[in-house]
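I open this notebook to record what I looked up, one topic at a time. The entries follow the order in which I went through the model.

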Amino acid sequence: MEQAKAVASILSQYRASLAMLRQAIELCPEDLWRDTQYRNRYWHIAYHTLFYAHLYVNASEAEFEPWSKHRAECRMLGGEIEGIEAYSKSELLEYLLICLAEIEDNVPKVALDGPSGFGWLPFSRLEAHIYNIGHIHQHTGQLGERLRTVCDVGIKWVGRG
């Protein structure tokens, strides 16, 4: 597949996966958004997902410029976040738009057959995009399942963006 067609397909799948994440954020009621009964709070999963989508769409970690509202302690899941203020839904929807713009800008710039740009991702740039989109889907599915279980609300599938 030629580079231009591959880039168009990658962009379409990023758009689709982030459209589903947007639904998960928008549909979440405020009490579930901040619910402390889960080790990984809803808002924290949404932030983590956006952070890595943003990071991995850059050519390398050195070229990555974190979001102006980034808080390092929220980057990873599973850690202690007691006492950390939750990001609001509007903040994360703002960040989602920034991520989309970065994706549109960065995906066409880096050759897909080159390295991922991240030492801990030992594969090609193409595979790094597939990995990144998969990560978005994994956590969007996690949020979608929580929405369905707690609120009986579903996220609609988006196949192409």
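Predicted model: local features only at pLDDT ≥ 70, side-chain atom pairs only at ≥ 80, totals over all residues.

Entry 1: I searched the whole structure for disulfides and found zero. I then looked at Cys28, whose closest cysteine sulfur belongs to Cys151 at 6.5 Å, which is too far for a bond, given that a disulfide needs the two sulfur atoms within 2.5 Å. Cys28 is buried, with a relative accessible area of 1%, and I found Cys99 to be buried as well, at a relative accessible area of 1%.

**Entry 2: helix α4.** I compared the length of α4 (residues 89–106) with expectation: at 1.5 Å a residue its 18 residues should span 26 Å, and the end C-alpha atoms are 25 Å apart, which agrees. I next listed the buried residues of this helix, which are Lys89, Leu92, Tyr95, Leu96, Cys99, Leu100, Ile103 and Asn106. Viewed down the axis of α4, these buried residues fall within an arc of 150°, so they line one face of the helix. The face turned away from that buried side carries the exposed residues Ser90 and Leu97. I also asked myself which helices the buried residues of α4 pack against. They pack against α1 (3–27), α2 (30–33) and α3 (42–56).

**Entry 3: Tyr95.** Leaving aside neighbours within four places in sequence, I recorded its contacts as Tyr47, Leu50, Phe51, His54 and Trp67. As a further distance, I noted that Tyr95 and Thr36 are 59 residues apart in sequence and 23 Å apart in space, C-alpha to C-alpha.

**Entry 4: helix α3.** I turned to α3, whose 15 residues reach 22 Å from the first C-alpha to the last, close to the 21 Å expected at 1.5 Å a residue. I found 15 of the 15 residues of α3 to be buried, so this helix is largely enclosed by the rest of the structure.

I then looked at Glu94 and Lys69, whose side chains meet in a salt bridge of 3.1 Å, N to O. Glu94 lies in helix α4 and Lys69 in the loop between α3 and α4, so the pair ties together parts that are 25 residues apart in sequence. Glu94 is partly exposed, with a relative accessible area of 33%, and so is Lys69, with 31%.

For Glu73 and Arg71, I noted a salt bridge in which the closest N and O atoms are 3.9 Å apart, to be read against the 4 Å limit. Glu73 is partly exposed at a relative accessible area of 42%, while Arg71 counts as partly exposed at 21% relative accessibility, the buried class being under 20%.

**Entry 5: Arg125.** I checked Arg125, which lies in helix α5 (residues 125–151). Is this residue buried or exposed? I found Arg125 buried yet without a salt bridge, the nearest side chain of opposite charge being Glu63, 8.2 Å away. Leaving aside neighbours within four places in sequence, Arg125 has contacts that include Tyr56, Asn58, Val110, Leu112, Pro115 and Phe118.

**Entry 6: Tyr131.** I stayed with helix α5 for Tyr131, which is partly exposed, with a relative accessible area of 40%. Beyond neighbours within four places in sequence, Tyr131 is in contact with Tyr56, Leu121 and Phe123. I recorded that Tyr131 and Tyr56 are 75 residues apart in sequence and 9.1 Å apart in space, C-alpha to C-alpha.

**Entry 7: Asp152.** Last, I looked at the segment after α5, where Asp152 is found. I noted for Asp152 a positive phi of about 55°, although this residue is not a glycine. Most residues other than glycine have a negative phi. Asp152 is exposed, with a relative accessible area of 59%.

Technical notes. Residues numbered from 1 in each chain as written. Heavy atoms only, no water. Helix = DSSP H or I, 4+ residues; strand = E, 2+ residues; numbered from the N terminus. Buried < 20%, exposed > 50% of the residue type's maximum accessible area, 1.4 Å probe, protein only. Lys, Arg positive; Asp, Glu negative; His and termini not counted. Contact = heavy atoms within 4.5 Å. Expected span 1.5 Å × (residues − 1). Arc of directions from axis to C-beta.
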